[in-house]
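Let's take a friendly walk through two parts of this model. Have the 3D view open as you read.

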Amino acid sequence: MATLAPVRSAFNPTIPQDFKELGISETLVLDLVLRRMLIEGYSSIAGLGRSLRLSHRVVDLVFKHMRTQSLVEIKGMLGNDYSFTLSAAGKQLAGERFQISQYAGACPVSLSDYHKATAVQSAKVHVDRKILRAAYADLIVTDRMLDQLGPAIISQNSIFVYGPTGNGKTSLAERMLRVYKDAVLIPYAVEVDNQIISLYDPVVHQPIESDEEDVDPRWLLCKRPCILVGGELIPSMLELRLDESSGIYAAPLQMKANNGILLIDDFGRQLMSPRDLLNRWIVPLDRRVDYLTLRYGVKFQIPFELMVVFSTNLEPADLADEAFLRRIHNKIYVEAVDAGSFDQIFTRVVASRNISAEPDSAEYLRKLCLREGRTELRACYPADICNILLSIGRYEGRGPIMTKSEMERAASLYFAKS
């Protein structure tokens, strides 16, 4: 779990004390309790509250209902709490509910509450060149590039980053997240038509420790999400996915990225065609809402409150028509690096890898990179060549050596013959 300075979200839901405040039906909560008890065996009101992220009062209401229906058997006391288990009738009902859905985690929030939370937590960014320079301190970035990135990030609209390969388009896009200084509350799950959509993803969402004890525990304080997807992107990743064995829906990428950034890297090289993707998102990018469909045909609206960044080395006009490009307000061209920037990158890379270099090494490497018909310097060349030198050294049982002959050797491995 990430640890940052104390930070609060703009959204601050209080702990629900009854089903009206919870926004979820008593039947759904009863199903959750039944499934949880079936898994745990012995349970307590406090334990169920922790597992299901519910207040003591709400769990107690369900427990009393279950007692009147003879669904539980009390086995003893744990201090002021009961120790209980499912009765035979309770186990039978729990088994039936388990066949429908195996979800027994945190109680979901309602779709309407999710809409409200996402709207309240929409990013409001204030940056200038100085702030961006700090955010991109580990990269060599020109003032001209920063002055293009700044307005684009402030707008929070979609961004098209394009240009020759190897010049840091992905690195530029990934670091956009650094300008956010706040946090967001993300629900573990969302309920739609009594179906549960699992939203929190520990691979994507980075929790932040919080000492706020008065916030609805069904929400988790996290850094704003940044999801990177490349050539593996397929249409199903943009739709609800139902796990037939568990009966649980998984949220699509754009839903997990809400209140953050979705970076589509190497755009145009996915298994799905660029036009299919763009047609799928032409309405969401324009209206900031998306539509998903449950397996049995119920269609519903979700917020599309995220910044989509398309990164590609292909020409925009070859990927999308004018109608779609009009909806992407910010188009940033990342050009090949000049000699001065190349030398600065080289100096940083050599220092970070602890390689001793002769004073004219950067100039010599530039000449190597511009041989055999190559006309542009790429930002990736210094790091890639240095990595090859490190590998050569390990192969020969020694440290890396940066001499002209060694750079020639590395370049011959790196560049394909034309």
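## Strands 7 and 11

Ser198 has Ala250 of strand 11 as its bridge partner. Strand 7 pairs with strand 11 (residues 248-250) in the parallel sense, over 2 bridges; pairing here requires that DSSP finds at least two bridges between the strands. Strands (E, at least two residues) and helices (H or I, at least four) are DSSP runs, numbered from the N terminus.

This is a predicted model, in which local features need pLDDT of at least 70, side-chain atom pairs count only at pLDDT 80 or more, and totals for chains, interfaces and linings use all residues. Residues are numbered from 1 along each chain as its sequence is written, and side-chain values use heavy atoms, with hydrogens and water left out.

## The hairpin

Strand 7 (residues 195-198) also pairs with strand 6 (residues 189-192), this time in the antiparallel sense over 4 bridges. Val190 has Ile197 in strand 7 as its bridge partner. The two strands form a hairpin with 2 residues between them, and Asp193 in the turn has a positive phi of about 55°.

## Helix 14

Now to helix 14, where Ser341, Phe342, Ile345, Phe346, Val349 and Val350 are buried (under 20% relative accessible area with a 1.4 Å probe, protein chains only; exposed is over 50%, partly exposed in between). Seen down the helix axis, these buried residues fall within an arc of 165°, so they line one face of helix 14; the arc is that of the directions from the axis to the C-beta atoms. On the face turned away from the buried side, you will find exposed Thr347 and Ala351.

After helix 14 comes Asn354, with a positive phi near 55°.
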